Amino acid sequence: METRSFTFGIGSALPATATAAATPAKPTFATLGSNSCFSLPVVPKVESTETGLGDLKSRFAASPAHSANAKAEDTKGAFNSVSSTGARSKKAFTFTVHPKLDSPWRDVEWTEERKMSLMKSVGSYRPSCEYVTQARILLLGPVGSGKSSFISSVQSVFNGRVTNRAMVGSSSTSFTKKLQSFNIRGQKGEDPTGLVLCDIMGLGDGEMTGLTLHDILSVIKGHVPEGHKFSSDQPVRSETIGYVKRPNFKDKIHCVAFVVDATEILTYPKGLSTTFQQLREHISDLGVHQVALLTHIDQICPETAKDVTQVYKSGIIQEMMSKAGALLGMSTSYMVPVKNYSSEVDLNMNTDILLLSAVDHILQYVDLYFQDNTPQYTGPKIDHSL
C-alpha cells in the first residue's frame, strides 16, 4: 500500500524523532464530601511525525512524550481541573493512504429531497414528554474539538447562510468559559425548534479555568444556572449565585454528545480515554444517553474534503471512527462523522445533510431518555401549542 505525506492543520512538518520523557501522570480523583473531581495529565508537546496507519494500535497505546515543564504538579486543592498547561496545536503528520471502499459503510441519500426531509424532521421536533417543550443536549469534549462550530453550523443550515452564533476559540484555548444554551431557530418565519444545544468550556483549558467532574454532573442534573462561569477554585455549590436547588425536568440535560477531533485522536493524552470512560459511567448512572460526533473529518481525508459524499467510502475515516470509539469506550453505532462550516461563506447541500443527520441521530437518543425517565410531576402540564 502506497504511503504519502499529507499536512493538515497549522504549522510546518515536525521533526522525525520523538523526545523520550517520563510516563505521564494518570488521571486522579479526589473527594471532598460529595464533590468528586478529576484532573488530566499535562498534554504533551509531541515532537514526532506519524508514520502510517499500519501501526496505529501500538502508537495509540504508547505513552506520549512530555515537554520539560510536564513534571509540574498536576493537582491543585480539593477541586482539580481538567487541565492542560501546555498549549496544543495542530500537528503535521503522514499516514498510509487507504483506497476508497467499493461500497459505503453507511447509506446516505445525498439529495435535496433528503435535506428538506431532515430539516422538516428536526425543525418540527418536539419532546415526547408532555412536561417539557425543549430537549437539552450538552456538547462535551476537549478544547478545539468543534463543539461551538457544530452549534453554529447547525444554526447556519436553518438560517440559509453561514453564521457564527456560538463564538469559536482556537485549538489550544476555549472561547467558551460559561454555560450557554442555544435554541436552534427554525427557518425564517417559523417557530423555534424543540432543540437546545448547550455549550460548555472544553476539557483541558488550564488550571485557572478548570472544569471538574462535579461541575459537569451539576450541569447535567440541572443545578447550574445559565451563564454560570466556571472556575477551578469556585466549583458549583448550593451557595453559587443562581444555583437551582430543585431543578425541574426541563432544567436537566436530556442527552450528552461527546465531540472529538479526528485529527487529534492519535495525539490526545493517554489518560483522556480513562477520563472519558469514567465520565460516561457517571453520566450513565444518571440515566442519560450518550452519543459522539467525530469532527474535522475533511482534514484527514482529501477525498472527503473535496466531496463530502465520499465520507462513508473513506477507509481512513472509518478507521478513525473505530479509534474514537476505543477512546470513548463507545460502540461506533453511537457515533457520527460531521464536517462543520469553518472558512466557507456559502452553504453546501451535502454538508447540510451530514450535519442534519447528526442532529437526527442525537434526537433518537433524546427520545429514549424521555421514554426511560418519565417524571413524577404533579404540577400543570405545559401547552405545546403556545
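Why does F370 count as buried?

Mentor: F370 counts as buried because its relative accessibility is 3%; the cut-off for buried is under 20% relative accessible area, with exposed over 50% and partly exposed in between, using a 1.4 Å probe and protein chains only. Before we go on, keep in mind that this is a predicted model, where local features need pLDDT of at least 70 and side-chain atom pairs count only at pLDDT 80 or more, while totals for chains, interfaces and linings use all residues. Residues are numbered from 1 along each chain as its sequence is written, and side-chain values use heavy atoms, with hydrogens and water left out.

The rings of Y369 and F370 make an edge-to-face pair, because their centres are 5.8 Å apart and their planes sit at 70°. For that term, Phe, Tyr and Trp rings (Trp by its six-membered ring) pair if their centres lie within 6.5 Å; planes under 30 degrees apart are stacked, over 60 edge-to-face, and the rest tilted.

Y369 has another partner. With F249 it forms a stacked pair, 5.7 Å centre to centre and 15° between the planes. That pair links distant parts of the chain: F249 is in the loop between helix 4 (213–221) and strand 8 (255–261), Y369 is in helix 8, and the two are 120 residues apart. Helices (H or I, at least four residues) and strands (E, at least two) are DSSP runs numbered from the N terminus. F249 is buried, like Y369, and ring pairs join F249, Y369 and F370 into a cluster. The whole structure has six aromatic pairs.

Step along the loop to K250, which also lies between helix 4 and strand 8. K250 is partly exposed, because its relative accessible area is 42%. Its side chain makes a polar contact of 3.4 Å with that of D251; such a contact is a pair of N or O atoms within 3.5 Å, where within protein one must be able to donate a hydrogen and the other to accept it, and residues adjacent in sequence count only if both atoms are side-chain atoms. Leaving aside neighbours within four places in sequence, K250 is in contact (heavy atoms within 4.5 Å) with V132 and R136. K250 and T133 are 117 residues apart in sequence, yet 7.7 Å apart C-alpha to C-alpha.
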